[in-house]
Amino acid sequence: MKQILFLILAFTALCNAQIVNIPDNNLKIALLNHVPIIDINSNGQIEIVEAQSITDELILNNKSITNITGIEAFVNVKKINLADNNLSSTVVSPLVFNSLLLLEDLDLSNNNQIIAINCSQIITLKKLYIARDVSNVLLNSLTQLLELK
């Protein structure tokens, strides 16, 4: 009896996928409507496994996004376009992309309230587009950076 109960509990735990926390509704809508499709099971949520399956690019420009919380789950993505949104940051609270260790191309241009960005752990980053004066950009290990605008 205990074995059957254990198997039922284990199966239930496996069926309950972990959902990525995405507090910005505009970001969530952009991800749910993204092509190629991210929400594979069409449950209206982005699950960690679904986020990890994206290996090419996220096109999220011009979506009125103000908060990138949740983007850190896309650990295998190589390119992110967040241009023309409403992103902001401060020196105390920079935009942080350090969990995206395979990221090669990051476009943050035309987000006029960005003061600080932290990409110091992304050694694969080759292109970073900011298109404005950013007072605090942490780029410590970016030995492969080819283009900074």
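**Close-up A. Pro36 and the loop it sits in.** In this predicted model, Pro36 is found in the loop that runs between H2 and helix H3 (48-52). Look at the peptide bond leading from Val35 into Pro36: it is cis, with omega near 5 degrees. Helix H2 itself spans residues 25-32, and it comes back in the next view.

**Close-up B. The largest nonpolar core, seen around Leu58.** This core has 33 residues, and Leu58 and Phe97 are the two that touch the most other members. Which helix or strand gives the most to the core? That is helix H2, with three residues. What remains in contact with Leu58 is Leu31, His34, Ile38, Ile71, Phe74, Val77, Lys79, Ile80 and Asn81. One of these, Lys79, is also a partner in the salt bridge of the next view.

**Close-up C. A salt bridge between Glu57 and Lys79.** How many salt bridges does the count come to? Glu57 and Lys79 form a salt bridge, and their closest N and O atoms are 3.7 Å apart. Glu57 belongs to strand S1 (residues 57-59) and Lys79 to strand S2, so the pair ties together parts that are 22 residues apart in sequence. Is Glu57 buried, exposed or partly exposed? Glu57 is partly exposed, because its relative accessible area is 26%, a value between the 20% and 50% cut-offs. Lys79 counts as partly exposed too, at 32% relative accessibility.

**Close-up D. Ser89, tucked into a loop.** Ser89 has its place in the loop between strand S2 (79-81) and strand S3 (95-96). Buried or exposed? With a relative accessible area of 6%, Ser89 is buried, since buried means under 20%. What does the side chain of Ser89 reach? It gets to the backbone oxygen of Ala116, at 2.8 Å. Setting aside residues up to four places away in sequence, Ser89 also touches a handful of others, among them Gln113, Ile114 and Ile115. Pro94 and Leu95 are on that list as well.

Close-up E. At 24% relative accessibility, Pro94 counts as partly exposed, while Ser89 is buried. Which residues does Pro94 meet, once its neighbours within four places in sequence are left aside? Pro94 is in contact with Ser89, Ala116, Ile117 and Asn118. Ala116 therefore turns up in both views, as its backbone oxygen is reached by the side chain of Ser89, and Ala116 is in contact with Pro94, where contact means heavy atoms within 4.5 Å. For a sense of scale, Pro94 and Ile114 are 20 residues apart in sequence, yet their C-alpha atoms are 8.0 Å apart in space.

Close-up F. Asn62 has phi near 55 degrees, a positive value in a residue other than glycine. You'll find Asn62 in the loop between S1 and S2, and at 58% relative accessibility it counts as exposed. Asp84 isn't a glycine either, although its phi is positive, at about 60 degrees. The place of Asp84 is the loop between S2 and S3. With a relative accessible area of 35%, Asp84 is partly exposed.

Terms used
Residues are numbered from 1 along each chain as its sequence is written. This is a predicted model: local features need pLDDT of at least 70, side-chain atom pairs count only at pLDDT 80 or more; totals for chains, interfaces and linings use all residues. Side-chain values use heavy atoms; hydrogens and water are left out. Helices (H or I, at least four residues) and strands (E, at least two) are DSSP runs, numbered from the N terminus. Buried means under 20% relative accessible area, exposed over 50%, partly exposed in between (1.4 Å probe, protein chains only). A polar contact is a pair of N or O atoms within 3.5 Å; within protein, one must be able to donate a hydrogen and the other to accept it, and residues adjacent in sequence count only if both atoms are side-chain atoms. A salt bridge is a side-chain nitrogen of Lys or Arg within 4 Å of a carboxyl oxygen of Asp or Glu. A nonpolar core is a set of buried Ala, Val, Leu, Ile, Met, Phe, Trp, Tyr and Cys residues joined through side-chain atoms within 4.5 Å.
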